[in-house]
Amino acid sequence: MTKNDSSVSSSYLAFKHGGMQIIAGGSAGCAEVCCMHPLDVVKTRFQLQTGSFKAGPNDLHNYSGVIDCFRKIYRAEGFLSYWKGLLPPIIVETPKRAIKFLTFEQYKRFFLFGSPTPTPA
């Protein structure tokens with residue numbers, strides 16, 4: 001193995017690790033949005049509610065609490081309505097998390113100064 005072969009091999013490994021970090025960060029961002037979006041929908045409904053805060057059982061646009069909001073959304077619009085408007089957050093969060101994860105991992109290696117573990121201060 002020549003010096004040139006080892007540099008190609010190390011650059012390939014660095015590229016491979018970077019790709020894995022991007023995929024891991026992107027998938028984590030996508031999973032986070034998919035899991036947390038129902039709570040974001042409920043939060044938005046609370047912010048948009050108008051009128052009296054004393055919600056009756058048949059009043060579909062005023063909520064007395066989180067459970068009441070979840071229940072009324074499910075009754076009026078169905079289960080999949082918790083994920084209304086999911087695409088824009090996924091489009092924003094997936095690349096953002098991928099870049100954050102990649103840069104964190106790269107800077108972490110950079111600031112270890114070649115040490116395999118963090119050095120004490």
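Six aromatic pairs turn up in this predicted model, counting rings of Phe, Tyr and Trp (its six-membered ring) whose centres lie within 6.5 Å; planes under 30 degrees apart are called stacked, over 60 edge-to-face, and the rest tilted. Two of the pairs are set out here.

| Pair | Centre to centre | Angle between planes | Geometry |
|---|---|---|---|
| Phe46 and Tyr63 | 6.0 Å | 70° | edge-to-face |
| Tyr82 and Trp83 | 6.2 Å | 85° | edge-to-face |

Take phenylalanine 46 and tyrosine 63 to begin with. Phenylalanine 46 sits in helix 1 and tyrosine 63 in the loop between helix 1 and helix 2, so their pairing ties together parts 17 residues apart in sequence. Helices here are DSSP runs of H or I with at least four residues, strands are E runs of at least two, and both are numbered from the N terminus. Tyrosine 63 is buried, at 5% relative accessible area, while phenylalanine 46 is partly exposed at 27%.

Now for helix 2 itself. Its twelve residues, 66-77, reach 16 Å from first C-alpha to last, close to the expected 16 Å, where the expected span is 1.5 Å times one less than the number of residues. Asp68, Cys69, Lys72 and Ile73 are the buried residues to look at in helix 2. They cover an arc of only 130° around the axis, which puts them on the same side of the helix; the arc is taken from the directions running from the helix axis to the C-beta atoms. An α-helix has 3.6 residues a turn, so residues three or four places apart point the same way. Ile67 and Arg75 are exposed, on the face of helix 2 turned away from its buried side.

Back in helix 1, cysteine 34 is partly exposed, with a relative accessible area of 29%. Leaving aside residues up to four places away in sequence, cysteine 34 touches Trp83, Leu86 and Ile90, a contact being heavy atoms within 4.5 Å. Cysteine 34 and leucine 87 are 53 residues apart in sequence, yet their C-alphas are 9.7 Å apart.

Zooming out, the chain has three helices and zero strands, in the order α-α-α. Buried residues make up 21% of its 121 residues. Among contacts with a separation of 6 or more, 60% join residues 24 or more positions apart.

As for confidence, pLDDT (the predictor's confidence in each residue, from 0 to 100) averages 85 over the chain, and 86% of residues reach 70 or more. Helix 1 has the lowest confidence, with a mean of 87, and helix 2 the highest, at 93.

Residues are numbered from 1 along each chain as its sequence is written, and side-chain values use heavy atoms, leaving out hydrogens and water. Because this is a predicted model, local features need pLDDT of at least 70 and side-chain atom pairs count only at pLDDT 80 or more, whereas totals for chains, interfaces and linings use all residues.

Definitions and conventions: Buried means under 20% relative accessible area, exposed over 50%, partly exposed in between (1.4 Å probe, protein chains only).
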